[in-house]
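This report sets out the architecture of a two-chain model and the contacts within and between its chains. Please consult the sequence and the structure alongside the text.

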Amino acid sequence: MTFQRGDKIEIFQASTDDAWEDYMNDFIGCHGFIVDPDTSVNDPDALVEVSLEGKGTHRLPQDCMRRLGEQV
Amino acid sequence: MDKKICPVRQTILFLTTLIGPKGLPDPKGQRISEQILVLVEEIAEGTAGEAHLPAIEDLVKEYNDARNPEQTRMAGMTIQGLLDDHLEIFINHIQTRNCPTHDCGKLAPSPCQMACPAGIDIPTYLALIAQGKDAEAIEVIRRDNPLPWVCGLICTRPCEMMCVRARIDKAISIKFLKAFAAERAMSGRAYTNPTPRPANGKKVCVVGAGPGGLSCAYYLALMGYGVRIIEALPVPGGMLMVGIPRYRLPGEVINREVAMIEALGVKIQYNTRLGRDVTKEELDREGFEAYCIAIGAHKAWTLGIEGEKDFSNVFEAVRFLRDVALGDHRCPGKNVVVVGGGNVAIDAARTSLRLGAERVIIAYRRTRDQMPADVEEVEQAEEEGIEFSFLTIPAAVKGEGQNIHALSCIKAELKAKQGSDRLAPVPIEGGEFEIRADAVISAIGQYVDNEGMDAFTGINWSRRGTIDVNHAHMETAQPGVFAAGDAVSGPATVIEAIGGGKRAADAIDRYLRKIPQPRAPRTPVRHKTEPVLEMTAHRKMTLEPPKMPMLNLYRRRTTFQQVELGYEEADVRQEAARCLRCDICRRCGKCVDICRDKMGINALKLGYLDFDESGPTDFRVTAENCITCGACAANCENNALKIDEKDGRRRLLLCGTILNSQAIRYCESCGAKLGSEEYTRFIAGKTRNMTPATKTRLLCNNCLRRNAAVSNAANSGALPMV
């Protein structure tokens with residue numbers, strides 16, 4: 001899945017990536033928007049910046065999130 | 001002290017008085033109180049770890065030193081008492097990350113503030129800008145971001161993405177309002193630094209003068225540390241100065257804001273690369289006790305295609321942009337092809353055009369809608385005449401001698417790979433074609449240049465080639481070594497670097513003062529709530545965001561003058577007033593529930609309250625059914641909804657927006673206040689079986705009851721008929 005800026009997403013699972021830290025478990029179930037889609041161009045392995053409702057903006061691995069269909 | 005409020009909140013309020021002007025008389029007592037306050041605030045926010053309570057108890061013991069003034073020792077006893085009496089509640093806050101009374105959330109951050117990686121208190125500064133208080137707005141911004149002018153011009157604005165106003169119509173133009181306020185404050189010489197704490201004699205070295213490093217240095221300097229920044233370039237700003245072109249971010253803006261940071265005593269040592277011009281051992285010997293690595297991501301990935309290394313006119317975009325920023329204004333070629341789809345590719349293309357290129361084409365291997373570049377940047381590039389070749393995979397650079405003739409490409413189509421729903425560009429057989437070119441610029445991403453970093457033997461590098469840190473406090477695996485910015489995230493956003501730098505500064509301070517680090521990144525802090533601005537529901541609904549005036553196209557194609565010219569003052573004030581003040585209304589929806597379900601009125605059409613399922617909103621509709629009963633306001637925990645009386649009218653206001661205003665009526669018999677006609681009619685309808693309404697006179701319930709009693713008594717013969 002390629003995430004675009006403005007995609008509405010859900011953090012639906014913990015990531016298996018090294019970049020996943022313990023406190024990020026608090027984000028599971030949160031909804032938010034993709035703010036900065038890629039650190040390098042369209043790399044599925046790149047960390048993407050997401051703004052999560054009530055949890056702030058964080059850079060997370062892509063395997064923890066899924067698109068919810070809307071875009072702002 | 002008020003016993004009704006949450007003890008954690010109570011402790012915060014008490015500590016705040018201890019460090020205030022009428023607080024403890026001794027610096028030691030103040031210092032202990034400040035340290036405890038940081039830890040208790042984290043308990044309130046839900047970001048505290050297991051080490052927090054033991055650390056607080058250790059600090060409380062310091063109050064009891066017999067040499068301390070009595071007031072300080074008494075303060076220690078009060079805090080110890082709060083801890084002893086309410087230990088379970090403190091532990092509950094840490095474990096559940098929740099305050100059962102909601103007292104700890106009274107100053108809860110708005111969604112825009114939460115979304116900002118630096119945690120800027122956006123509603124507060126927008127309220128100040130709306131009132132024309134630009135310098136005060138800058139003061140609020142710089143509590144969390146030392147570069148408001150820079151960010152006002154180039155931030156990727158996650159705040160606007162989460163702006164609640166966007167659920168009604170369009171997000172507030174937060175970014176441009178910040179730039180306006182910074183420009184006005186700087187121009188009026190009202191852009192000032194806060195007073196730093198007295199020097200504490202400790203020294204910290206920051207490696208890199210980019211946004212992350214500058215942010216870290218600024219906050220450390222304010223905390224009283226001696227800070228030196230080691231910078232490899234001859235200019236400050238890192239990628240701000242050498243990566244972002246001047247037509248987006250004038251150099252003067254960077255220089256002025258960096259000068260403000262230097263005015264706090266931060267020393268920047270230019271043309272100095274760690275490991276080459278200075279060694280860590282030398283810095284250790286000079287007495288630096290902690291380091292923050294903020295070296296950015298300045299190395300570019302190469303295309304890896306035939307001919308790439310054979311011609312001098314094949315550039316990496318980051319090198320090209322750096323050379324231009326440092327004064328090399330030679331045109332790269334008549335026909336320039338830029339390979340890539342991100343903002344760096346757009347910057348390289350627009351820069352080539354301004355240097356005199358006749359034709360500039362951006363070759364991107366995917367489709368337009370998959371470009372990571374900002375939509376506005378892409379649109380502006382197109383307006384200036386930049387062409388795009390989508391679904392184009394570069395294959396080889398063709399030419400003779402030192403002259404490039406063309407970039408050989410293959411047309412691609414997007415196909416899903418087996419086991420993945422992600423579409424990848426796949427070359428189409430027979431799709432070879434050439435784009436005429438005499439210069440090729442690659443802009444396909446950057447990575448961290450770790451040269452010289454081997455001096456930090458204890459740090460770990462991630463598999464992505466970035467410095468591995470705990471993002472809650474930016475500390476590496478090597479004690480005393482912290483990192484921030486692109487060096488940690490890979491090439492990312494300026495505001496993310498600024499937020500990381502601020503977190504690193506906070507963590508360095510805690511490291512040097514030996515207080516525990518937070519478990520999770522701290523929740524942004526709000527210091528106060530600005531009063532709301534009153535306006536009618538009609539005005540609140542019909543205000544429209546202004547359109548950005550742009551430099552004319554001829555100049556955009558030929559000069560590096562700033563393209564976005566900034567809003568007019570009247571537009572800025574009006575746009576700031578469009579803010580919904582989500583720092584006050586927390587969108588809990590109780591008001592809607594009570595009005596609809598308990599009162600049966602359903603006057604509030606506030607569809608924007610829900611994040612996931614927003615519905616239509618119209619503040620003007622409230623007046624159609626609202627009876628100004630005040631049930632919504634009485635149940636609003638944060639006083640976002642208020643009922644007041646002004647000029648003989650009862651009004652319902654939501655964060656300053658007048659949702660309804662009805663004339664107050666009075667009892668014709670005793671003069672008691674009755675509320676509005678609609679309210680009286682509603683109450684009369686509910687109570688008509690008990691106190692029959694009179695159709696001829698407007699009476700309060702007491703007078704109605706008295707009249708009814710007199711009438712009943714007379715009818716029964718108990719009283720003589722008059």
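## Fold of the two chains

Chain B contains 28 helices and 21 strands, where helices (H or I, at least four residues) and strands (E, at least two) are DSSP runs numbered from the N terminus. This is a predicted model, in which local features need pLDDT of at least 70 and side-chain atom pairs count only at pLDDT 80 or more, while totals for chains, interfaces and linings use all residues. Residues are numbered from 1 along each chain as its sequence is written, chains are lettered from A and ligands numbered from 1 in the order in which they are written, and side-chain values use heavy atoms, with hydrogens and water left out.

The C-alpha trace of chain B extends over about 125 × 70 × 55 Å along its principal axes. Of its 722 residues, 56% are buried; buried means under 20% relative accessible area, exposed over 50%, and partly exposed in between (1.4 Å probe, protein chains only). Among the contacts in chain B with a separation of 6 or more, 67% join residues 24 or more positions apart, a contact being heavy atoms within 4.5 Å.

Chain A has zero helices and five strands, in the order β-β-β-β-β from the N terminus. Buried residues account for 64% of the 72 residues of chain A. For contacts in chain A with a separation of 6 or more, the share from residues 24 or more positions apart is 54%.

The domain assignment divides chain B into domain 1 (7–105), domain 2 (111–192 + 532–577), domain 3 (203–297 + 448–510), domain 4 (302–446), domain 5 (590–663) and domain 6 (673–716). These bounds come from an automatic or database domain assignment. Taken over C-alpha atoms, the centres of domain 1 of chain B and domain 2 of chain B are 37 Å apart.

Ala75(B) is located in helix H4 (residues 70–85) of chain B and is buried, at 3% relative accessible area. Leaving aside residues up to four places away in sequence, Ala75(B) is in contact with Phe14(B), Leu18(B) and Leu24(B). The C-alpha atom of Ala75(B) is 7.5 Å from that of Tyr63(B), 12 residues away along the chain.

Gln113(B), in helix H6 (residues 111–115) of chain B, is likewise buried, with 0% relative accessibility. Beyond residues up to four places away in sequence, its contacts include Gly119(B), Ile120(B), Pro524(B) and Arg526(B).

## Interface between chains A and B

The contact draws 40 residues from chain A and 40 residues from chain B. The size of an interface is often given as the accessible area lost when the parts come together. Here the buried area (the accessible area, 1.4 Å probe, that two parts lose on being put together, summed over both) is about 3300 Å², with 48% from carbon and sulfur atoms.

Eight salt bridges are counted between chain A and chain B, each defined as a side-chain nitrogen of Lys or Arg within 4 Å of a carboxyl oxygen of Asp or Glu. One of these pairs Lys8(A) with Asp612(B), with the closest N and O atoms 3.1 Å apart. On the side of chain A that touches chain B, strand S2 (31–36), strand S3 (48–52) and strand S4 (56–60) of chain A each give two or more residues. S2(A) provides the largest share of that side, six residues.

## Salt bridges within chain B

Over all chains, the structure holds 54 salt bridges. In one of them, the side chains of Arg578(B) and Asp169(B) meet at 3.2 Å, N to O. Arg578(B) lies in the loop between helix H23 (569–577) and helix H24 (590–598) of chain B, and Asp169(B) in the loop between helix H10 (158–162) and helix H11 (174–187) of chain B, so the pair ties together parts that are 409 residues apart in sequence. Arg578(B) is buried at 0% relative accessibility, whereas Asp169(B) is partly exposed at 33%.

A salt bridge of 2.9 Å, N to O, links Arg184(B) and Glu569(B). Because Arg184(B) belongs to helix H11 and Glu569(B) to helix H23 of chain B, this pair ties together parts 385 residues apart in sequence. Arg184(B) is partly exposed at 37% relative accessibility, as is Glu569(B) at 34%.
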